[in-house]
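Student: Could we go through this model together, taking the sheets, the helix packing and the contacts between parts one at a time?

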Amino acid sequence: MTTGNRVLDAKIPGGPLADKWDRHEMENPLVAPGGNRRKLTVIVVGTGLAGGGAAATLGELGYNVLNFCIQDTPRRAHSVAAQGGINAAKNYQNDGDSVQRLFYDTIKGGDYRSREANVYRLAQLSTGIIDQSVAMGVPFAREYGGALSNRSFGGVQVSRTFYARGQTGQQLLLGVYSALVRQIEAGTVKMFPRHEMLDLVVVDGRARGIIARELTTGEIKRFAADAVVLATGGYSPVFYLSTNAVNCNATAIWRAHRRGALFSNPCYTQIHPTAVPQMGDYQSKLTLMSESLRNDGRVWVPKKPGDKRRPNEIPESDRDYYLERRYPAFGNLVPRDIAARAAKVESDLGKSAYFSPQSVYLDFAEAIGRLGKGVVGDRYGNLFDMYREIIGDSPYDTPMMIYPAPHYTMGGLWVDYNLQGTIEGLFVAGEANFSDHGANRLGASALMQGLADGYFVVPRVVASYLANAKASTVKADHDGFKAVEDESRTHIQRLLAIKGKRTVRDMHWELGRTMWDKVGMARNAGGLKEAIAEIGKLRESFWHDLALTGGADDLNKQLEQANRLCDYLELGELMARDALMREESCGGHFREEHQTPEGEALRDDANFAFVSAWEYTGPGREPVMHKEPLAFENVELKTRSYK
Amino acid sequence: MSDSSAKSGMTIHLKIWRQARSAAQGRFVDYTVSGIQQEMSLLEMLDILNEDLVRKGEEAIEFDSDCREGICGTCGMVVSGVAHGKHAGTTTCEIRMRQYKDGDTITIEPFRAGPFPIIKDLVVGREAFDRIQRKGGFVSTNVGSAPDGNAILVSKLAADDAMDAATCIGCGACVAACPNASASLFVSAKISQLAWLPQGGPERGRRALAMIAQMDAEGFGDCSNHGECEAVCPKQISIQNIAKMRREYVKAAWTGADKSRSSGGD
């Protein structure tokens, strides 16, 4: 592995942690309202909480915004699927919450692998998100007195999660969408649905635009701007089976990476502990069962390996509530990485639900006894219904069966405090960047980060950039655009010309199998090296064996998926390389060689308290890793314990 | 991955609408798939059929889908005559093959309505919904101007009613199922959500007038109380919202778009 020596300046403002963002707001220039803003064009790719929030807010401020999404309407971005809730340090429950505590919980939850200044800002901005969302008419759950209701999520000891039944992501996204349509109507935002970004255009070292393909006509188009914001989400479908929507992809961030944007911590992936177990090789996705279920559900397996009795036939004395046993302080509400790995430990010992060797129970009998069916139904009814549709039986009567599944990716493009990547004028927001969650994200924090970035951070930092950069004279007829457009067109034609025998799904499934088995919940050096070799072979095979029909000039979803898979085939390898480099266990990254005698993650702060930032060096060439050291000035590095 | 047809399972006959582009003539094409497992979803069956077609050098059937868990609203087909299939309260992507038995025939066609042009095969354009939302499906508040979240108290009952309406996923099944191709359930869900909440109060009159005017302009039909929309709605949104929308409309039409001083929550 080659280690580079590029200095990665995170541009963290000086002064005490609590004053950094205010100070940054004051010290950075603004663009005056009116004509000056209208002359500046910002491209925002993605319409989820981060992208849609940023596009709408930049529109409100008066910039000229071009907003892109692959869906038929911005209201379907994958943020829509988030179930459980959104964290905010409101302390409405008077249970000792504060900005400082949310900051601390997030740093600890991320296993001390995130940047202090970014996380503190996230905690500070969290409260404003709730205010803004309420003002927009987001129907959060309420108490009878009319105040907002809260619940608890994993890894914390306060109730700070705001929610709208099990559809919090949907409701927050519809709030964003409402702000967005208002700006579209006002003419500040121009919306391009069913458009997929194929490449980033960089002119004289600055991001100046994108090449996008209109999916219904196949037309490849150029779009020029003064700044580009990528908010295109994560890359969990590299595992093929994940809880993500089937069109989620890494193409936008990966193509930007190929143009010079460094990629950070690709190996930090979140395997969510509670999804409906895998069923067969025909499956297209895994269905998440919200973390909120662990507020009332108890996780267990039979004490005896190989016990195939139905759950209701297994007496209490033969059950092992392993989370309560191993982590008495947090019990069933330990963070996701810990709950996921604990399920794997039990199933590796042959202890599982009857359904399959990869399944454990999540039991609501105690909660139903304590609260009654009505209350439990109010809290989780829609999830129970969803589960019954898939598995065929009702969690009211028999314990749910669950197993961990790829869900979220903490890694992403490297950004500084201003969310600017290593290409000037390229900003990255939400799940697409690496910045706030370290090696593990706490539940209900993705929505928080998406909206903090979208509503507050991006509009402010992009304004500073534009104030300094001045309006661009680079237009879409610049030679730089033509070259990239030609490359994009050639790439699409190349895919169609392969004319092999294997379908996209078949090859994606094979990549996913390697990723899950060798770059999944537990990793070791031998397996990771095998994965790198297997992915390399599959990538070669892809360019010989891919079968595609149809053409490039109209709707062709097989072609879209093939275009995305060729990027996953490169990203998957980088994930394995990053995991192999990181000789420690932290958060969602568990190296079997590095664990305590009790099987807990063993960090190596002396050697690995840094962010990896990988540089693309060309097709088939080994990437170069640069490092951003992490300095902890406000929290003490400790072994993370939930016992 | 093994070839699914080699395994035991159900054999299902399909009649699927194929249409090369908006202007082309469409038709039903027969397909037979075998090895179908009970736990499979209907869309997973289509994935497998598409793989078989591609291997044979034929064009795959185009259909929209994304989250595959009933929340994004992307998928939408008429399955054996019913929008989103015969089970109440679910989307097309939530249909499991355990609803069918060996040898069954399933007809799959796109949502049909004038304002939803067919793009290709089972894919339709639903931009008309966005254009309606643009006319008033929002509260005019800019980021930065919000008071503390708990400064606006909302009764639990009003919040619950607002939430019931807000669960609309914008799939368009209500339009596809309506004999008049009316979008009333969709439009009323948004008008109703914001009318239940104090935040929606100041603009309730102009919202109702503008959104309904746009619904008409898009060519959606009128509501004549068939109730088919409610029956197929995957989120089980009630037609009581349509009644509420009508009250909002009449009040605004009577008093003028901005004369209503009610703060919502009636």
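The conversation below concerns a predicted model, and it moves from sheets to helices to contacts.

Student: In the sheet of chain A with parallel pairing, what is the order of the five strands?

Tutor: In this predicted model, the sheet is open, and its edge strands, each pairing on one side only, are β6 (189-192) and β18 (426-428) of chain A. Neighbouring strands are turned against each other by 20° on average, direction ignored. Read across the sheet of chain A, the order is β6-β3-β2-β10-β18.

Student: Which residue in β6(A) stands opposite A:Leu66?

Tutor: Strand β3 of chain A covers residues 64-68, and four bridges join β3(A) to β6(A), with the two strands running parallel. The residue of β6(A) that faces A:Leu66 is A:Lys190.

Student: Helix α3 (residues 49-61) of chain A packs on that sheet; what angle does its direction make with that of β2(A)?

Tutor: The helix α3(A) touches β2 (41-45), β3, β6 and β10 (227-230) of chain A. Against the direction of β2(A), the direction of α3(A) makes an angle of about 160°.

Student: Which strands of the sheet does helix α12 (residues 446-469) of chain A touch?

Tutor: Helix α12(A) also packs on this sheet, and its direction makes about 155° with that of β10(A). The strands of chain A that α12(A) touches are β2, β10 and β18.

Student: Turning to the open sheet of chain A with antiparallel pairing, which are its edge strands?

Tutor: This sheet has five strands in the order β12-β16-β15-β13-β14 of chain A. Each edge strand pairs on one side only, and the two in question are β12 (269-275) and β14 (319-320) of chain A.

Student: What is the bridge partner of A:Val301 in β14(A)?

Tutor: Strand β13 of chain A, residues 298-302, pairs with β14(A) in the antiparallel sense, and the pairing extends over two bridges. Within β14(A), the bridge partner of A:Val301 is A:Asp320.

Student: In chain B, is the pairing of β1 with β5 parallel or antiparallel?

Tutor: Strand β1 (residues 10-18) of chain B has an antiparallel pairing over eight bridges with β2 (residues 27-36) of chain B, where B:Lys15 stands opposite B:Asp30. With β5 (residues 105-110) of chain B, strand β1(B) forms four bridges, and B:Leu14 stands opposite B:Ile106 there. The sense of this pairing between β1(B) and β5(B) is parallel.

Student: How are α3(B) and α5(B) oriented to each other?

Tutor: The axes of α3(B) and α5(B) come within 8 Å and cross at roughly 160°, and the crossing in which α3(B) passes α5(B) is left-handed. An angle over 145 degrees counts as roughly antiparallel. The two helices α3(B) and α5(B) are therefore roughly antiparallel.

Student: How many residues of the contact of α3(B) with α5(B) are nonpolar?

Tutor: From α3(B) come B:Ala158, B:Asp161, B:Ala162, B:Ala165 and B:Ala166, which meet B:Ala189, B:Ser192, B:Gln193 and B:Trp196 of α5(B). Two residues of this contact are polar and one is charged, while the number of nonpolar residues is six.

Student: Helix α6 (residues 168-186) of chain A and α2(B) also meet; which residues of α2(B) make the contact?

Tutor: The axes of α6(A) and α2(B) come within 8 Å and cross at roughly 85°, which makes the two helices roughly perpendicular. By class, the contact of α6(A) with α2(B) has two nonpolar, one polar and three charged residues. On the side of α6(A) the contact uses A:Val181, A:Ile184 and A:Glu185, and on the side of α2(B) it uses B:Asp130, B:Gln133 and B:Arg134.

Student: Taking the whole contact between the two chains, which element gives the largest share of the side of chain B that touches chain A?

Tutor: The contact takes 72 residues from chain B and 66 residues from chain A, and the side of chain B divides into 26 nonpolar, 23 polar and 23 charged residues. Among the elements giving two or more residues to that side are α1 (42-55), α2 (127-134) and α3 (156-166) of chain B. The largest share, seven residues, comes from α1(B).

Student: What distance separates the centres of domain 1 and domain 2 of chain B?

Tutor: The domain assignment gives domain 1 as 4-120 and domain 2 as 126-255 of chain B. Their contact takes 18 residues from domain 1 and 17 residues from domain 2. Taken over C-alpha atoms, the separation of the centres of these two domains of chain B is 30 Å.

Conventions
Residues numbered from 1 in each chain as written. Chains lettered and ligands numbered in written order. Predicted model: local features only at pLDDT ≥ 70, side-chain atom pairs only at ≥ 80, totals over all residues. Pairing = 2+ DSSP bridges. Contact = placed C-beta atoms within 7 Å. Nonpolar A, V, L, I, M, F, W, Y, C, P; charged D, E, K, R; others polar. Axes fitted to C-alpha atoms, helices over the stretch in contact; angles between N-to-C directions. Domains from an automatic or database assignment. Parallel < 35°, antiparallel > 145°, perpendicular 65-115°, else oblique. Left-handed = near helix turned anticlockwise from the far one by under 90°.
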